[in-house]
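Subject: The structure for you to look through

Dear colleague,

Here is the structure that I promised to pass on to you. Please open it beside this email, so that you can find each residue as you read.

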Amino acid sequence: MAFVTRQFVRSVSSSSTASASAKKIIVKHVTVIGGGLMGAGIAQVAGAAGHTVVLVDQTEDILAKSKKGIEESLRKVAKKKFAENPKAGDEFVEKTLSSISTSTDAASVVHSTDLVVEAIVENLKVKNELFKRLDKFASEHTIFASNTSSLQITNIANATMRQDRFAGLHFFNPVPLMKLVEVIKTPMTSQKTYESLIDFTRALGKHPVSCKDTPGFIVNRLLVPYLMEAVRLYERGSCPDVSSGSGWSLKGDASKEDIDTAMKLGAGYPMGPFELLDYVGLDTTKFIMDGWYEMDAKNPLFQPIPSLNKLVAENKLGKKTGEGYYKYK
């Protein structure tokens, strides 16, 4: 009898697993909220993988700029991918562009989408307001995902009534080139939702890694403290110097140039920490650090960085403004 019972349980379990697997959402239609660098990149790779995509932002001007950027990026991809067949490259570009439409009204397009990926400003209140509104218009099966790099997914998901269909999808910049995607599962995220997002990520040609809803997930939790330790090495023993272009006079352990060179030649990193900070944007890094400090003010890794705060206050945010820790022409 025990054997029969075990066999029955195994049979039921197997049937349940098969049923759950069959119910996974196959993502075909994607809505991307935010036409900036990350949102446009996500829209591009989704369109290139054969998905129907709607890219949403506040104005037609922003969307026109996004679409132009996507086309330029696609042509670079096509030139490399179809080097020996330019015609096929042109067809790839046109087919991908035709699969991406735009809209300034998110509520009107989410009713027929399988997945909403948000890539807007890193502000919890703004994200919560967006998802709370879209939750009323999206189909019951629709999965919501945030591309946030620093905010906790649970805090965003709680703005909706679909916590089980909410997760994090953290892409990396530039999206068309970077293979990694962090798939963040909150305590409420269903296995069905998680597996659907893993499948979607792989369909884009990306490599998904899983992480719980912990601050910074995997990459930023390791990367940002490393970057901040590099700045502390540069700042250590430094003092304010109004005559210096950066406002700081090195009297400490190493120059930023030598730190960058050391990490590139000694650790094999493609960029040094100061080069990477300027590339990412000093305001973005400061936002992450401020959030972590507010969360755990006693953690020595999360302490404020004087030179970073000063540069951001002066709107010297890195490459995008022409100056950060380095100056750019």
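This is a predicted model: local features need pLDDT of at least 70, side-chain atom pairs count only at pLDDT 80 or more; totals for chains, interfaces and linings use all residues.

Residues are numbered from 1 along each chain as its sequence is written, and side-chain values use heavy atoms, with hydrogens and water left out.

The protein has 13 helices and 10 strands, which are DSSP runs numbered from the N terminus (helices are H or I, at least four residues; strands are E, at least two). Of its 329 residues, 46% count as buried, where buried means under 20% relative accessible area, exposed over 50%, and partly exposed in between (1.4 Å probe, protein chains only).

The largest nonpolar core holds 36 residues, of which I70, L115, L169 and F171 touch the most other members; such a core is a set of buried Ala, Val, Leu, Ile, Met, Phe, Trp, Tyr and Cys residues joined through side-chain atoms within 4.5 Å. Helix α2 (residues 37-48) gives the most to this core, with six residues. If neighbours within four places in sequence are left aside, I70 is in contact (heavy atoms within 4.5 Å) with A40, A43, Q44, L55, L97 and I100. A second, separate core has 23 residues, including L277, M289, L308 and V312. In soluble globular proteins, nonpolar side chains tend to be buried together.

Among the buried residues of α9 are V224, L227, R232 and E235.

In helix α8 (residues 191-203) you will find T193, which is buried, with a relative accessible area of 2%. Apart from neighbours within four places in sequence, T193 is in contact with I143, D164, R165 and F166.

Finally, V280 lies in helix α11 (residues 273-280) and, at 39% relative accessibility, counts as partly exposed.

With kind regards
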